[in-house]
Amino acid sequence: GEKHHCTFCGLNSQTMSFRAKSPMRVRDELADLALQTESFRFQAVDNILDTAYFETLLPELARSRTDYNLFYEVKSNLTRAQMKTLADGGVRSVQPGIESLSSHVLGLMRKGARAIQQVNMLRWAQYYSIRAEWNVLWGFPGEEEADYREQVALVARIRHLNPPGCSNRIWMERFSPVYFDEAFRKKFVRPER
């Protein structure tokens, strides 16, 4: 079965270089796996889709007219054109880095995105028949109750889009921005009970 998890991850380009397989290697491995397993359904285990794949792998998969059903974790600020490229390449579900619909909380997360971008991501995903699995994280220093009231009101207005799958308190995950934030670690990091 499919397993998605709540996470506050995302590569920090200043702390880790992105490692990715070549597009042709991924294409060949998908073809080999499809033959071996007699399945066209695959979930990538990368932290996040390599953005170079929008120009290489995904158009190649679209040209090859395979009938893949792919899952990838993606950034939450993808454009309409990028969402179409995903759909054309066989991506049928994504876990975008949507973890809040509050611009204030997104700023506290250092996401580099605003709430409207998150909603647009959900909108374009639905338009191109891509299921977007996303989550709400809470517990960020500086957040306010009003941030969550605002999100509840927004979710009520976008009921036609896929709702969040879960809500969890933030935790530190390797390579997330807060993982490298010494002030955050000193003030908020302690062992679980």
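This is a predicted model: local features need pLDDT of at least 70, side-chain atom pairs count only at pLDDT 80 or more; totals for chains, interfaces and linings use all residues.
Residues are numbered from 1 along each chain as its sequence is written. Local features need pLDDT of at least 70, side-chain atom pairs count only at pLDDT 80 or more, totals for chains, interfaces and linings use all residues, and side-chain values use heavy atoms, with hydrogens and water left out.

Helices (H or I, at least four residues) and strands (E, at least two) are DSSP runs, numbered from the N terminus. Strands of a sheet pair through backbone hydrogen bonds, either parallel or antiparallel. Three bridges link β1 and β2, and Arg 41 stands opposite Asn 69 in β2.

Now for helix α1 (residues 23-37). Val 26, Leu 30 and Ala 34 are buried there (under 20% relative accessible area; exposed is over 50%, partly exposed in between; 1.4 Å probe, protein chains only). Seen down the axis of α1, these buried residues fall within an arc of 70°, so they line one face of the helix; the arc is that of the directions from the helix axis to the C-beta atoms. On the other side of α1, Leu 35 and Gln 36 are exposed.

In helix α5, the buried residues include Trp 124 and Met 121. Just after α5, Ser 129 takes a positive phi of about 60°.

Definitions and conventions: Two strands pair if DSSP finds at least two bridges between them.
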